[in-house]
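Here is a short report on one protein model and its ligand. Look at the structure first, then read on.

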Amino acid sequence: MAGFLLFGGSFDPVHLGHLIVSSDAAEQIGAARVVLIPGARPPHKQGRTLSPAAERLEMCRLAVADDPRFEVSDWEVHQPGPNYTLHTVRHFRQTLPADTPLYWLIGMDSLVELATWYCVGELLEACTLVTAARPGFEQPDLARLTDLLSPAQIRKLQQYVLQTPLIDVGATDIRARVRAGRSIRHLVPEPVRQYILERGLYCGG
Ligand code: ATP
């Protein structure tokens with residue numbers, strides 16, 4: 001059974017960085033599907049209020065509508081309380097055939113914060129954590145995680161740090177550009193750009 005690459009995030013908005021690295025990572029590991037999973041702000045990453053879930057979901061749908069390798073899941077946005085990746089992975093494990101390889105994709109900026117994640121040891125047993133390169137973020141010293149992870153888990157984490165294209169695009173910058181009246185053409189898929197402009201997203205701060 002071909003694997004599923006699960007890709008969670010705020011996706012506020014989804015952008016070409018997300019799409020290019022997830023597509024490349026899926027090819028490298030041989031996953032047949034990429035599932036974009038917009039969620040609430042991760043419990044370890046509090047701060048700015050997110051755009052409504054319905055809008056972030058719709059932008060994800062628009063972004064991948066013409067690419068059959070991708071799908072979008074609304075599971076996290078309908079869960080009460082904080083979204084823990086472990087719970088989401090367990091949900092997909094229950095809904096897919098038992099032999100389906102499950103991968104969870106993060107960018108290097110998220111790997112840096114891994115020690116703050118909920119039940120990270122259990123998460124690494126429930127799925128294979130795959131890390132994509134991201135400009136500005138060096139790979140952390142994974143050997144420092146010996147308090148949390150077994151040597152085998154650390155080796156596997158390391159093995160799945162992929163050399164994906166370095167795409168210097170981020171949602172914070174895109175929101176700032178919209179606020180400043182600058183172009184976001186070529187940073188998000190065109191239907192997403194149109195949606196942002198039509199709805200007046202990110203104009204107010
Ligand atoms: P924000 O600027 O609002 O924090 P973001 O651009 O980092 O947003 P998120 O939706 O928070 O996007 O990211 C979801 C996941 O995608 C995270 O694991 C993040 O590391 C990864 N990611 C986002 N942009 C890139 C990129 N350009 N290259 C590699 N990974 C990325």
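**The ligand site**

This is a predicted model. The shell around the ligand holds 22 residues. Asp109, Arg134, Ile167, Ala171 and Thr172 are the closest of them. By class, eight shell residues are nonpolar, 10 are polar and four are charged.

Which elements each supply at least two residues of this shell? Two are strands, E1 (3–9) and E4 (102–107). The others are helices H1 (16–29), H4 (108–112) and H7 (171–179).

| Residue | Protein atom | Distance to a ligand oxygen atom |
|---|---|---|
| Ala171 | polar backbone atom | 2.8 Å |
| Arg134 | side-chain N or O atom | 2.9 Å |
| Gly107 | backbone N or O atom | 3.1 Å |

How much of the ligand's accessible area does the protein cover? On its own, the ligand has 600 Å² of accessible area, and the protein covers 94% of it.

**Strands E1 and E2**

Strand E1, which supplies at least two residues of the ligand shell, pairs with E2. The pairing is parallel and runs over seven bridges. Gly9 stands opposite Pro38 of E2. Strand E2 spans residues 31–38 and is mostly covered. Six of its eight residues are buried.

**Gly3**

Gly3 is found in strand E1. Is Gly3 buried or exposed? Its relative accessible area is 4%, so Gly3 is buried. Leaving out residues up to four places away in sequence, Gly3 touches Gly30, Ala31, Ala32, Arg33, Thr100, Pro101 and Tyr103. Now compare Gly3 with Asp173. The two are 170 residues apart along the chain. Their C-alpha atoms are separated by 32 Å.

**Thr131**

Thr131 is found in strand E5, which covers residues 128–132. Why does Thr131 count as buried? Thr131 counts as buried because its relative accessibility is 0%, and the cut-off for buried is under 20%.

Which residues does Thr131 touch, not counting those up to four places away in sequence? They are Leu105, Ile106, Gly107, Met108, Leu111, Tyr160, Val161 and Leu162. One of them, Gly107, has a backbone N or O atom 3.1 Å from a ligand oxygen atom.

Conventions
Residues are numbered from 1 along each chain as its sequence is written. This is a predicted model: local features need pLDDT of at least 70, side-chain atom pairs count only at pLDDT 80 or more; totals for chains, interfaces and linings use all residues. Side-chain values use heavy atoms; hydrogens and water are left out. Helices (H or I, at least four residues) and strands (E, at least two) are DSSP runs, numbered from the N terminus. Buried means under 20% relative accessible area, exposed over 50%, partly exposed in between (1.4 Å probe, protein chains only). Contact means heavy atoms within 4.5 Å. A residue is near a molecule or strand if one of its heavy atoms lies within 4 Å of it. A polar contact is a pair of N or O atoms within 3.5 Å; within protein, one must be able to donate a hydrogen and the other to accept it, and residues adjacent in sequence count only if both atoms are side-chain atoms. Accessible areas come from the Shrake-Rupley method with a 1.4 Å probe; for residues, only the protein chains shown count as cover. Ala, Val, Leu, Ile, Met, Phe, Trp, Tyr, Cys and Pro count as nonpolar, Asp, Glu, Lys and Arg as charged, and the others, Gly among them, as polar. Two strands pair if DSSP finds at least two bridges between them.
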